Amino acid sequence: RFRFTTMLRRPSRLTRAVAKAKAAKSTLARSALVEPWHAEWPEGARWMAAGLTQTANEKGRLLPGLHKLDVERDWLLHAPATFSEHLRLKHHALDASREATLRSADATHGGDSLPAQREVLDMVLEHLPRRFPRSFSLDGRRLRVHVEGAGCEYDVDEWREMRPLELAGLLLQEDLVLMRAEPGGAHRVQAAFVVFSFGRVLERVGMDLEQVHADVNRFPSDLRKPVGRFFDKLSASAPAWRTNFGLTWSPSLVPTPDRYPHRASYAPEATHNTPGKWMMARIGEVGVGRAVWLKVEYQTVRRLRGASDHALFTVRTYVDPLHTLLHVPAAARLLAQNMRNAAQGDFKHYLGIDDEEVRGAILAYLDSMHESGGGGGGPRAQQATR
């Protein structure tokens with residue numbers, strides 16, 4: 001009887017340990033988002049520095065990396081200093097090609113996403129004035145933006161009828177993607193307003209999750225089942241967030257041909273067959289710190305309460321030159337660890353670090369920054385940033 005009672009009590013210790021781990025993650029998330037962050041530090045590195053970005057384990061297996069989302073505090077990340085520039089880029093994308101930026105699959109794949117789009121707009125209008133009262137105010141049905149360089153006023157009812165997702169996107173620095181659950185269990189991109197995080201919006205709207213990630217090595221083997229289970233169980237009361245990282249070769253916040261020179265669909269013609277040589281030539285010209293850029297995406301997922309067959313996926317994109325990690329050596333160390341883990345599997349091809357010479361140059365640079373402890377970096381780091 002004593003042994004049986006003791007065994008019954010053991011799970012409570014495990015429960016306490018799990019709760020403690022969750023609380024620690026919540027504290028890390030809070031510090032990553034609200035602790036003082038100097039202007040010259042790379043914004044996207046805060047999750048990396050806090051140890052909250054892990055793309056693959058030591059064997060190269062991809063990880064979902066999902067965490068519980070504090071909606072009130074962390075759902076939308078508004079930065080007044082960069083808001084007007086992001087808004088300018090969104091307007092430019094709409095003017096250049098509306099259907100390649102703002103798109104729904106209602107006509108091609110069935111369904112009616114307008115109720116879900118309106119619900120998204122209502123969520124945004126309810127959240128922004130309360131969370132960021134200095135930047136947004138709602139007076140009846142008129143929404144005012146008070147950000148310097150982007151001040152304007154919107155008649156909500158004019159937009160809510162037929163263009164709700166567009167207005168929601170113009171109020172945010174995030175990209176917006178609406179996923180719809182189908183009777184067979186697939187989750188399909190039903191509508192999207194995307195400028196920063198990825199390109200080819202026109203062809204991706206209407207795709208299911210596996211089709212969207214067709215170019216991602218190891219997605220079918222490592223992530224298809226856990227991601228599918230996550231969306232199946234996702235509820236309006238349990239939203240989630242995650243971050244990921246990538247290495248790009250362009251400072252542009254919007255997709256450009258030289259963002260990923262190792263991917264044929266993006267790369268300039270000259271780099272299709274010899275991306276490694278192109279990368280090393282670029283490194284030789286300007287150094288690792290100015291040739292390579294860290295791209296981080298902060299992603300949230302929320303099930304809608306009204307249009308409950310839809311889930312809202314938000315993506316906030318950050319792009320910073322690698323040399324700015326000199327100010328955050330912990331992020332440099334953890335980025336190197338992530339790269340080494342990813343290099344154990346096929347995902348290295350997706351990241352563009354399958355070329356050993358390229359990967360070695362970037363890792364040597366990151367190791368040098370970590371060894372120096374920050375500041376001006378070690379001799380190799382200083383040489384690379386010149």
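Is arginine 200 buried, partly exposed or exposed, and what is its relative accessibility? Arginine 200 is partly exposed, because its relative accessibility is 27% (buried means under 20% relative accessible area, exposed over 50%, partly exposed in between, with a 1.4 Å probe and protein chains only).

Before you zoom in, a note on the model: this is a predicted model, where local features need pLDDT of at least 70, side-chain atom pairs count only at pLDDT 80 or more, and totals for chains, interfaces and linings use all residues. Residues are numbered from 1 along each chain as its sequence is written, and side-chain values use heavy atoms, with hydrogens and water left out.

**View A. Arginine 200 and glutamate 203 form a salt bridge.** That term means a side-chain nitrogen of Lys or Arg within 4 Å of a carboxyl oxygen of Asp or Glu. Here the closest N and O atoms are 3.4 Å apart. Glutamate 203 is partly exposed, at 43%. Searching the whole structure turns up 25 salt bridges.

**View B. Glutamate 126 pairs up with arginine 130 in another salt bridge.** Their closest N and O atoms are 2.2 Å apart. Both sit in helix α6 (residues 114–131), and because they are 4 residues apart, about one helical turn separates them. (Helices are DSSP runs of H or I, at least four residues; strands are runs of E, at least two; both are numbered from the N terminus.) Glutamate 126 is partly exposed at 49%, and arginine 130 is partly exposed at 39%.

**View C. Tryptophan 47 meets tyrosine 318 in an aromatic pair.** Rings of Phe, Tyr and Trp (its six-membered ring) pair if their centres lie within 6.5 Å; planes under 30 degrees apart count as stacked, over 60 as edge-to-face and the rest as tilted. The count by this rule is 8 aromatic pairs. In this one, the ring centres are 5.8 Å apart and the planes make 50°, so it's tilted. Tryptophan 47 belongs to helix α2 (residues 45–49) and tyrosine 318 to strand β10 (residues 310–321), 271 residues apart. Tryptophan 47 is buried at 0%, and tyrosine 318 is buried at 5%.

**View D. Arginine 302 lies over the face of tryptophan 75.** The distance to the ring centre is 4.4 Å. A charge sits over a ring if NZ of Lys or CZ of Arg is within 6 Å of the ring centre and within 35 degrees of the ring normal.
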